[in-house]
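Trainee: Could you take me through the nonpolar interior of this model, with a close look at the residues and helices that build it?

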Amino acid sequence: MGCSISGEDTYIVSFVWGGGAAVKVIRRFNNNVVLCVDNNGREVVAFGKALGFNKIPYELTDLKRIEKSYYGIENRYLKMINDLTQESLELSSQILDWCRAQLQGRINPNLLFTMADHIDFCIERYKKETSVRMPLYLDFRNLHPKEFAIGKRAVEKINAVFHVHLSQDEILGIAMNILNAESDLESNKIYKGAEQMTEEIIEIIEAEFQMEINKDSANYARYVSHMQYLFLRIDRNEVLNDGNGAMYVSFSEQEPKICECVLKISDYIVRMKQYKLNRDELLYLMIHIKRLCIREECYQQGITSEKKQ
């Protein structure tokens, strides 16, 4: 079946390609995932066996080699890919396809990377025997049965591929990621407000730690994704309560400077949204800030050779 590589759906495309057009492969992520430019100059992430083997850049004329392709992925999420496993990316691609087939409305294509990152984090927690409680499990299953069903199917697939036995609570984590990706975040008012507040919170962090955050980093992309979801939940009046209060206390004792910074951010959110973060939300924010600060301290101290763009 022939298809134009410059299809009308600029948001996300995922199908088998055909026809005689060509694309230019401009970046290799791994052996099977590359970044291409189509014949209209639009960037597209392509999946296909051995697409990354050739010397980059090169012209790909046999478009049948492209098994799946994704338009509209933001650049900051592309930067996450080197931290993701091949298996998690492939699983994430399958989950995204399930979402497109079973859910109404558009799916944010950035889910391809945020879901892969979430899967890798699930596996890491499993190996460290660290469990995360999800008290909202039954409520979410009743309110969002389609997303929950996809999450259940995803956990079964993850267990089979990685030879693990994730707890049933992980279904909720995956389903919540899917729910967050179901609307076009770039064009809705909630996202626009969240974008401004996310930037202002970064300014608080930079002032507190006297540093400049590298906005090209994968950790920054994770932080942005977390904040988008946080503000989305606030606007929907959905409270996060995972029962990790004791972990928050422990983390605060270990990282008093980060705790102080998070409390200032909490005060800012109270002023802007009339919403007070609970201990679970404070904990997750502390984790993201620690990731940002550790990476930036390495830049400042010359510990790593990686440079800011």
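**The nonpolar core**

Mentor: Of the 74 residues in the largest nonpolar core, the ones that touch the most other members are I95, F113, I201, I205, I269 and I289; a nonpolar core here is a set of buried Ala, Val, Leu, Ile, Met, Phe, Trp, Tyr and Cys residues joined through side-chain atoms within 4.5 Å, and buried means under 20% relative accessible area, exposed over 50% and partly exposed in between, with a 1.4 Å probe and protein chains only. The model is a predicted one, in which local features need pLDDT of at least 70 and side-chain atom pairs count only at pLDDT 80 or more, while totals for chains, interfaces and linings use all residues. Residues are numbered from 1 along each chain as its sequence is written, and side-chain values use heavy atoms, with hydrogens and water left out.

Leaving aside neighbours within four places in sequence, I95 is in contact (heavy atoms within 4.5 Å) with M115, I119, I150, A154 and I178. A second, separate core has 12 residues, including V25, C36, Y58 and I66.

Helix α8 (residues 218-236) also packs against helix α6 (residues 169-180) at an angle of about 80°, with the axes 11 Å apart; axes are lines fitted to C-alpha atoms, for helices over the stretch in contact, and angles run from 0 to 180 degrees between N-to-C directions. The two helices are therefore roughly perpendicular to each other, a term that covers 65 to 115 degrees, with angles under 35 roughly parallel, over 145 roughly antiparallel and the rest oblique. M176, L179 and N180 of α6 make this contact with S225, Y229, L232 and R236 of α8.

Helix α10 (residues 256-273) has 18 residues, and its buried members are I258, C259, C261, V262, I265, S266, Y268 and I269. After α10 comes Q274, whose phi is positive, near 55°.

A116, in helix α3 (residues 111-127), counts as buried because its relative accessibility is 0%. Neighbours within four places in sequence aside, A116 is in contact with L84, S88, L89, S92 and L111, and its C-alpha atom is separated by 7.3 Å from that of L91, 25 residues away along the chain.

Terms used
Helix = DSSP H or I, 4+ residues; strand = E, 2+ residues; numbered from the N terminus. Expected span 1.5 Å × (residues − 1).
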